[in-house]
Structure formats: structure tokens, C-alpha cells
Amino acid sequence: MEAKYDFERKYRKQILQCSRCGYCQAVCPIFGITHRPSFNARGKMLLLKEVMDGKIDLNEELIDTLFQCTTCAACKENCPSGVNVPEIIKQARKDMVNIGSCHPAFTGMNEVLQKNTNIYAEDEPEDFGRERNKKADYVYFVGCVGLYREDEATEATLDLLDRLDVDYTLVDEACCSGVLEDVGHSINTDLADKNIETILATGAHTVITGCPYCYRTFKNKDAYAPLREKGIQLVHMAQFLKDLDISVTTDLKVTYHDPCDLGRHCGIYEEPRQTIRKIAPNFVEMAHHHADSLCCGSGGGVRGAFPKNSLKMARHRLDEALDVQADVLLTECNSCVHNLANAKLRKDKIRIMNTTQFINELMEEAE
Amino acid sequence: MNDDIKKALKEIVGEDNFTDRLIDMVSYSYDASEHSSRPDCAVWAENVEQVSEILKTADKHRIPVIPRGAGTGLSGMVVPVKGGIVLDLNRMNRILKISIEDRLAVVQPGVVYADLDRALAPYGFFFPPDPGSGSVCTLGGNVATNAGGVKGAKYGTTRDYVLGLQVVRADGRIMRTGASTIKCVSGYDLTRLIVGSEGTLGVVTEITLKINPKPTAASTAVATFGNLEDAGRAVTRIMSSGIIPAVMEIMDLPTIQAINQNTDLGLPEVEAMLLVETDGYTQVETDYQLSKVVEVFKENHSLDIKQAASRDEAAVLWKARKSAYAVLARIQTHFVLEDVTVPMGRITDLLRGIGDISKKYDLRIATFGHAGDGNLHPQILYDGYNPDETARMKQAVADLFKLSVELNGTLTGEHGIGIAKASFMSLEHDDVEMETMRAVKRAFDPNNILNPGKMALEAN
Amino acid sequence: MDIGGYNMPEDLYYEPNHWWVKQDGDLLVMGMDDFAQKLAGEIVYVQLPDDGKKITAGKKLAKVESGKWLGKVIAPVNGVIDSVNEELEENPGLINEDCYGKGWMYKIKPDDAGDLSKLITGAEALTKWINEEIEKYADTE
């Protein structure tokens, strides 16, 4: 029988490989807050299997589950059968978009990036009182969340770069548009070309990204190959920080949340911890960490399309930080900061920040 | 199912806790077995009162109710073969009480095994059965299936720890069985009857578990054997040496070969490998136990013995055994994982017999499992889209059950009957026993609404 | 009163970014008006500043987010935050359900209660303003 959809052509064997053991339930953030098997990776694979078997149709009824996945990859990491669930889901979303079944929020994201240069359709980018597009050794590429949602975090990061005398510049950024691949669409090459051009114009040898997703996109996607071919070094802030000489310390109890895009998707687990352990000897891990880390709930377009569940996932994760009585929850992703901070209740005394923000604050206090 | 009944269910659990949407109906059609069948709807119950009302409604209208935990079972126990209502108990997931002085924990059925383990850890206690799916399976499911695990030989199975239950009967009435005491001989032991009854006698809504202090020391070794007979004899001799290891796992040659083909562990390709772990409270004590085991291995011509000098080294020794299921799950698109169990003295015969079945039906069968309690897991690999291979798989399974019963063993040591093994019940149980089981079922559930179609309770 | 399908009570004072204010003894209560609430869609998050936070008329005092939009809450007057509606932490949707009642957001101790007069109020001014706003936002849904 001829395969009807690309997900089947590409991933038939993997979908059948799912042995339905259900081990993904232990780590799936959406199952964790809903206890609903159809939202779990196993439930999603079963739906696709039934589509392949011709028992059900790929249609709008499946939007609620196939589009409600943060693509955090915790299931993949814990799958005895080696099923690459996030890639399968991303492909199935593309197939659904092709037949005209897509969550309106995801259609919206694609449309926004055809008209705007940022995912939030905001008019004016913050300039943070700094010159853009100048000649410098480093480009600091903020990312949409840092520019338009977590401007305080970005301001602090820039202050830190200044304190550390880093020769950097901001640029007129466009959304890296990597997220479109997750939500059933494709990278917007116009935006990619624009980014490549503005970055190259600075003469910088290295791009430091504030956002792990931008990092992932620059590093892996074909649309950004010219950057890599020109020999531009690409690092996330966490990697850049690790090699710096930072002498401030704190007695506060600090924990670290692995962003999915940095940890499971890029394998960067130790660099941020090395930095944090240096400044905070009283470091503690949450119940789930490294490859088993729980997702904050914001990825894969879920924050936009299913905000209530997205925030519940953040709350679920935040509870783990509260359980270990951390004073400060550090992470390396503005999107995680944003969602976790949104989930924080007034009575929770924990502080939620990027590592850069925290270091900047400690340095400020020490001065 | 008519809309009035759906409406009644919504009134009981609330709109948000009812579903008949396609996405959910697909999920609830399956467990971890190869079986599937659609329910009519599903509800998430939040308390015992709701469970009671759901059952009253279902009983009145003669609608099947399938209680469900994590759905990790391997024999189709929660597959709704006759449609009806899936009663999902995952949202009843509170640990109600941990009492170290009384040595017990009281939990709701939706508590995940690993969550109880995490909650007991600060007290230095644990709930020992340790099923392979411990990170996700629910305690309600453990009770319904009498779940076991790698430590069965020393620590027993779920049944050995259930002191009391709250159970909702098929007609919605609520009863308590057992007691909050370690000993209790007051009346029929309904608790033990319910444990392992696969949701056919009642819905468990609260569980009182005996808990154990957790051993803090362990010693681990792996031994290889050039032939199965030596390995089998080593297993039985260990038992007569006076030592009961906490773990004694066996892997056969097809399992070792599959691991070597798919990992870089580079295991020696021998007829059998035994992994042994002794546990206790001091290293001296566990090392002593292990030294006795190692003596037995040597007496029985082990080729090579590796002992772990540290926890890290132990983890390395465990790696092969822990990877077995995952490695085998990736080779073919389909497999069945059986759990035949024989008296320890017959393990060699069982493994030889499995080898014969593998040849006879030209199927790849890899066997590993709990040699310490005679419970082995032959994993039969096949292509479910190939009708001929599927037919051979079915014949192989039938031969396997016959073999196990002939060796004085049982169809299932820990996965349960469900629908997968229902047609083989009479192989193991005589007519009088079957009739007695059916009489018990009728006494508890005269209208046959609780998980119908399972365990051959309806034949005759 | 109803203006173009929006419920805009005449006895309230309105900051031009659609934050309503009313007097409550020495304090002012503020929240989001019906026009903004409808435009934003389902509110999923409201930032609740600490009591005692100093606020400046016309400047951002907090953030509020719906699924599709992030808004800045603009302080209508100078003053300090006296208290906040903690119910909104668990249930920000109260703003959609009842924006002038259960969905109130903050209580403010104003520096000068007389500042209220700088805000939009009264049937005539309101009608003019909302009609202009309807026109302005006609393109965005």
C-alpha cells in the first residue's frame, strides 16, 4: 500500500517500533499535568499507527494532541525502543498543515513571520541603550523572547558583558524562525538570509546567542550554513560564560533547570553547571535533571497555542525547585525564565533568572 | 452507548473528567500487549464516591467497566474487548499516609510506584516488588496484577505486602478488606483474593501496604557459563547453599548475541550469563553472601566471574541485563514478551525447550529473566504485518505454555492472564478449579460488568 | 453603558490604554476594561507586583498576557500598590468573566486622588473615545 503521508514514508518503522511500554509517561510534561494517555508520546504514536493502518484519518480531531507537544524530547531519551518522537511529531504536523489541519496559533506564527521580523509581531525592538550593527569581535544575538518578553534579563546580560569588557555588538535581529520547523512549517529563508547578512557585516568572529533555540538553529539548519562556512564560531551564552574568570560567590542555595533546547537537543549539560558551581557552592539538583530534566512547558509552540497547560507544566517544574528548597532557580533560556516566572506564585520566595542575570547582580552587589 | 448514560457519567465526574473523543478512545484501546479494542468512553475518577456512582450506573445498564492504571500490562488486561467505560484511576494519586512506626503506607491507586519510592526514601524504607515499569506503573495496577520484579526470590511480590484494601464492588457498594496490622487471620482473606484479580472482582480505591527497611549495602557479580546445564545447576545449588540473593538474573545466548549486535558492550558469547546481587546492611555481610555464591559458580564450571568493587562497577555489570528489553524491542517491529515460570530445578529444561521451539517455528526467541524465582521472559520477535510469521508466533506461544505446564510450571509468573493467555487457562487449571473461579466471579460481579472477557471466566 | 458592543460603565475613570479606575475610600481600584479584555482574548497570566511598589502615571507597572498578546499594564496615577487581587494568580480568566468585579487587578494608594480627573470619564467622552478605538483596531480582527 502506497504511503499517504510523509511521516509514514520517513518514519513508518520507528512508529511501529513503539512497543507501547508507556515508559514515556514518566517524563512527558503534558502527561504529567493531565494524566491523559492520549497526550503522551505513546498515545501520539498509536494515533499515527492507526492512521497508517487506515483505521482513522489524519484530521482536525488530532490537533489537540499532535500539536500539544513541547518537542522536549524527554520521551525519546527514555524510550527503550529508540523512537525519535519529536521528529515524528514535527513531520506529522507538516503533513497536517499540508492537508489544511493546523492549530490556528501555529498558522498565526507562520503568517506573523511572513510580515514581521519577530514572532510576537511587535513593532519596535528594544535598543537597550546600545549601538547596533557596529564592528566588533562578538555578536550578541538576543532572540525574540529576550528582546520582547524578558527585556530585564537581556538588559542584565548586556550589563554583564560590559562589566566583563567583551567587545560585542547587537544587530538588527530577525527571528531565527527555527520554531516554524516545529509547528508544521519551514524555516523562513528570507529572515535567515537577513540574519546572515547583518551578522557578517559586523566582522565578528563569534556569535553568542542568548537563546538556546537560536543556537540550535544556527548550528544545525541548512538555512544558516553560510554562517558556518564562513568560519563564524557559534556559541550559546552558557558556553561563553564557562571560560570567563568570574570571582563572585553566593551562599544562597541555587538549582539549575536544563532547557530542552540546550540539554537534550544540544547535549550541553555540564558547562552551565561548571559556572554555577563556581559562584554557588551550595548547588543542588532537582529530582529530574540532565537528560531527565522536566520541560518548562513553553517549547514546540505550546506556550502560544495551549497557554494554560503550558503554565501548568511550568508550575509542575517549579514545584521540583521548591521541593529542594532552592533560593534561586537558574536557567539558560529566556523562554524558560519567562514561563517559570509566570508560573510563580507571590508566596513562593524563589527567584528565577538566567545565570547571566544572577552573576551580574552579584557583581553589582560586590562593587 | 446511549447519550443518557454519557450524560449520567458527566454528572458524576464532571465534564472535564469525561471523554469520548477519538484521540482518547484510540489510547484507551491499547496496553503494552499486541491486543486492542475500542471502549465507548472513559472517565477520570477523583474519589471513591465517584467510582461508586460510576459502577452503580454501569451495573444498572450492564455496561462493561475497565479499571485502568498506567496501561503498562503485557497481556491485554485493560484492553476493552467488550467496549464500555474505561475507568482511569491516574488522577487518584495521593499518598494518604506513611507510618514508619506501624510499618505501613496508605495510598490511592493512581500513585506511581516510583513516587512512593521517592516518598519512602527519606525514612530509609521501600516497597520491595520493584516491577520493571516502576517509573510509570501505578500501585493500583500493581495490586490488580500482583506485580513482581527482579527481587521476587528474596522479597516476594505485591501480594506479600498488601495488608488491606478499600474496594468498590460491581454494584457500587464500598467495602474494606484486611486490616492495618502486619498479622490478620480474621475471616476469609479477601485482600489476597482481590490482589491479582485483574480488575474482574472490584475496583481498588485505597491500598494499605506493608513497607520494608531498605538495605543499604549490596555486592554484585556476573558469571558466564559454557553450557546451560551448568548455569541451571548453579542456580539450584545457590538455593541450597543457604544464601538467598536479592537478584539472580539469567540471560541466554540469543539475548547476548542481540545485545552484541546492537551495542558496544562486547559480551562473551556463551550459553548463559548469571547476574547476582546480594544485599544487606553492611558490606562485610553482603560480600560474605556473595563469596558463597561465587564458590557455587566455580564448583559448577563458570568460565569467568566478574565482581564489582564499587557501585559504579556494579552499574557496568548491570548494563547488559538492563539493556536486554530495549535491544530486543528494536530488532523487529513486533514482539511478545512472555513470563512463564517453572520450579527453579527446571530452568535448564525450560531454556532447552525454548531453544527447540525457536528452531521448530523458525523464530528468533531471546530469553532472560529471574532465575532466582524461576520466572523467565522469552521475547519472541516477529513481523506483525507478515501473516505467516504471526501464525508461527502464535503456535510458538502455545507450545511454550504447554512446555511450562509440563515442567510443573505456570503460564504466568507476573504479567497476568488478561486476554493474551485466557484460552490457555484450562491447560493449567482443572475443571473444578475453573468452576470455582467462575463461582467467585459470579459472587462478586453477577452481571459481569467488571473487565469482562478476561481470564476465561465466562466459558461454560 | 453599551458602546459598540462594549460594556463601559459611565461611573468609572479610564486610562487611555484601557485600564479602568474607581475610588474606594482612600484607595483606587483598577482593572482591565471590557474593550481590552475582548481584544486580548483569554487572559492566562497577570503579573502581581509586591505591595508597596511605587508606580508612575503613564509608566508600565506590570505585565499581563493572553494566549496571543502581551500587554503592559500602565499606571493611571502616581502612587504605590496597596494590594493586589491574588485570586488572579490561580485564575486570571476572572478578567474575562467579570472585568469590573471579580477580575479587579490592583488597589492603589494615590499620591493625589485629584489625578483621577485627568482620566477619561462621562458618557460623552467615553462614547467618543471608544468609537475612535473601534475604528483604530478595526484591522486587527
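This is a predicted model: local features need pLDDT of at least 70, side-chain atom pairs count only at pLDDT 80 or more; totals for chains, interfaces and linings use all residues.
Two strands pair if DSSP finds at least two bridges between them, and the strands themselves (E, at least two residues), like the helices (H or I, at least four residues), are DSSP runs numbered from the N terminus. Residues are numbered from 1 along each chain as its sequence is written, and chains are lettered from A and ligands numbered from 1 in the order in which they are written.

## Strand S2 of chain B and its surroundings

In S2(B), Ala42(B) is the bridge partner of Thr19(B), and two bridges pair strand S1 (residues 18–19) of chain B with S2(B) in the antiparallel sense. S2(B) also runs parallel to S4(B), to which four bridges join it, and here Ala42(B) stands opposite Val86(B). A residue is called buried if 20 or more other C-beta atoms, placed from the backbone, lie within 10 Å of its own, exposed if 12 or fewer do, and partly exposed in between. In a regular strand the side chains alternate between the two faces of the sheet. Strand S2 (residues 41–44) of chain B is covered on both faces, with Cys41(B) and Val43(B) buried on one side and Ala42(B) and Trp44(B) buried on the other.

Two residues are in contact if their C-beta atoms, placed from the backbone, lie within 7 Å. Leaving aside neighbours within four places in sequence, Ile85(B) is in contact with residues including Cys41(B), Ala42(B), Val43(B), Ile54(B) and Val65(B). A nonpolar core is a set of buried Ala, Val, Leu, Ile, Met, Phe, Trp, Tyr and Cys residues joined through C-beta atoms within 7 Å. The largest such core has 284 residues, of which Ile85(B), Leu87(B) and Leu274(B) touch the most other members. Helix H3 (residues 41–52) of chain A gives the most to this core, with seven residues.

Val81(B) is found in the loop between strand S3 (65–68) and strand S4 (85–88) of chain B. Val81(B) counts as buried because 20 other C-beta atoms lie within 10 Å. Not counting residues up to four places away in sequence, Val81(B) touches Ser37(B), Ile419(B) and Gly453(B).

In H9(A), the buried residues are Ala153(A), Thr154(A), Ala156(A), Thr157(A), Leu158(A), Leu160(A) and Leu161(A). Among the elements that cover these buried residues of H9(A) are helix H8 (144–148), helix H18 (334–343) and helix H19 (355–366) of chain A. Just after H9(A), Asp165(A) takes a positive phi of about 55 degrees.

## The sheets of chain C

In chain C, six strands form an open sheet in the order S3-S4-S5-S11-S10-S7, with antiparallel pairing. Strand S3 (13–15) and strand S7 (54–55) of chain C stand at the edges, each with a single partner strand, so one side of each has no neighbour in the sheet. Within this sheet, six bridges join strand S4 (residues 19–24) of chain C to strand S5 (residues 27–32) of chain C, and Trp20(C) stands opposite Gly31(C) in S5(C).

Three further strands of chain C form an open sheet in the order S6-S8-S9, where the pairing is antiparallel. Six bridges join strand S8 (residues 60–66) of chain C to S9(C), and Ala62(C) stands opposite Val73(C) in S9(C).

## How the chains meet

Between chains A and B lie the most contacts among the two pairs of chains that touch. Here 25 residues of chain A are in contact with 24 residues of chain B, and the largest share of the side of chain A, four residues, comes from H3(A). Chain A also meets chain C, where 10 residues of chain A are in contact with seven residues of chain C. On that side of chain A, helix H17 (residues 307–323) gives the largest share, three residues. By contrast, no contact joins chain B and chain C, whose closest C-alpha atoms lie 17 Å apart.
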